[in-house]
Amino acid sequence: MTNINDNEDSRPWRRRLSSIAMALTWGSAFRIALFLLLLGAITTAFSYLPIEKILKDFLLWIKQDLGPWGPLVLAVAYVPLTILAVPASILTLGGGYLFGLPVGFVADSIGATIGSTAAFLVGRTIGRSYVISKLKNYPQFQAVAIAIQRSGFKIVLLLRFVPLLPFNMLNYLLSVTPVRVGEYMLASWLGMMPITFAFVYVGTTLKDLSDVTHGWHEVSTTRWVCIALGLVISGKFF
């Protein structure tokens with residue numbers, strides 16, 4: 001009789017555990033499906049849409065129609081571009097061309113930070129399962145994840161100072177580490193300042209808006225200078 005009663009008493013718990021497991025399974029499946037749709041949108045955008053022309057027209061719209069709201073709209077535009085892993089260097093150059101220093105730098109710096117944070121949150125929520133599945137392609141990043149457990153702010157700051165990994169890739173890889181959102185935001189903001197300043201400065205030297213979309217290849221030297229400076233800074237302070 002005792003065994004029968006124990007079995008009957010445990011049935012509600014079993015049903016509850018089964019319901020929780022099913023909910024988790026459906027939740028994971030939903031997140032993966034949603035993230036795959038996001039990847040499909042990225043693939044379609046790169047395959048069929050003239051990204052550079054769209055961004056050029058967007059910058060032209062900011063220049064001609066938005067007036068004092070232009071820097072704010074430029075900063076907000078980083079969010080969808082960064083989530084979709086579209087290179088936002090054209091926006092950074094455009095900020096320098098349109099607004100100069102320091103307004104362009106402030107707009108681009110804030111925009112890059114909120115954009116990277118948005119991608120980070122996507123990777124930590126709906127895209128987490130997919131990002132974790134891709135970590136096997138970056139075995140060297142496992143050491144980074146371990147180091148972040150001890151000093152998240154410092155490691156993220158170092159990775160931003162030395163942009164050896166693509167900006168968009170790093171946002172998602174860092175999302176599955178234990179670094180706190182606040183630390184990630186502050187370290188990313190500070191760490192991206194040197195290269196953001198360099199791109200904005202290059203943007204101020206451009207003569208025409210069409211040069212913004214063609215200026216990416218000319219900025220490769222600036223990128224390597226920033227990497228070298230980042231290595232010097234990281235070696236000195238870390």
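**Entry 1: Y130**

I started with Y130, which is partly exposed at a relative accessible area of 25%. Y130 sits in helix 6, residues 128–134. Helices here are DSSP runs of H or I with at least four residues, strands are runs of E with at least two, and the numbering goes from the N terminus. I also looked up Y172, 42 residues away from Y130 along the chain, and found their C-alpha atoms separated by 9.9 Å.

A note to myself on the ground rules: this is a predicted model, where local features need pLDDT of at least 70, side-chain atom pairs count only at pLDDT 80 or more, and totals for chains, interfaces and linings use all residues. Residues are numbered from 1 along each chain as its sequence is written, and side-chain values use heavy atoms, with hydrogens and water left out.

**Entry 2: the whole chain**

Next I stepped back to look at the fold. I counted 12 helices and 0 strands in the protein chain. Of its 238 residues, 41% count as buried. The accessible surface comes to about 13,500 Å², and 68% of that belongs to carbon and sulfur atoms. These areas come from the Shrake-Rupley method with a 1.4 Å probe, and for residues only the protein chains shown count as cover.

I then checked contacts, meaning heavy atoms within 4.5 Å. Among those between residues at least 6 apart in sequence, 83% join residues at least 24 apart.

**Entry 3: the cores**

Which residues touch the most other members of the largest nonpolar core? I found F141, I148, V156 and L174, out of 25 residues in that core. A nonpolar core here is a set of buried Ala, Val, Leu, Ile, Met, Phe, Trp, Tyr and Cys residues joined through side-chain atoms within 4.5 Å. Helix 5, helix 7 (141–150), helix 8 (152–161), helix 9 (167–175) and helix 10 each give two or more residues to this core. Helix 8 has the largest share, with 5 residues.

Leaving aside its neighbours within four places in sequence, L174 is in contact with F120, R124, F141, I148, V156, L159, V179 and Y184. There is also a second, separate core of 24 residues, and its members include L66, L74, L81 and A112.

**Entry 4: aromatic pairs**

How many aromatic pairs does a search of the whole structure find? It finds 3. One of them is F58 with W61, a tilted pair at 5.9 Å centre to centre and 45° between the planes. My rule was that rings of Phe, Tyr and Trp (its six-membered ring) pair if their centres lie within 6.5 Å, with planes under 30 degrees apart counted as stacked, over 60 as edge-to-face and the rest as tilted. F58 and W61 are 3 residues apart in helix 2 (residues 51–66), so about one helical turn separates them. W61 is partly exposed at 39%.

F105 and F197 make an edge-to-face pair, because their ring planes stand at 75° with the centres 5.8 Å apart. F105 is in helix 5 (residues 103–124) and F197 in helix 10 (residues 181–204), so this pair ties together parts 92 residues apart in sequence. F105 counts as buried at 17%, whereas F197 is partly exposed at 41%.

I looked up the peptide bond joining L101 and P102 and found it to be cis, with omega about 5°. P102 is in the loop between helix 4 (89–99) and helix 5.

Last, I searched for salt bridges, where a side-chain nitrogen of Lys or Arg lies within 4 Å of a carboxyl oxygen of Asp or Glu. The structure holds 1. The side chains of E183 and R180 form it, at 2.9 Å from N to O. E183 is partly exposed at 23%, while R180 is exposed at 56%.

Definitions and conventions: Buried means under 20% relative accessible area, exposed over 50%, partly exposed in between (1.4 Å probe, protein chains only).
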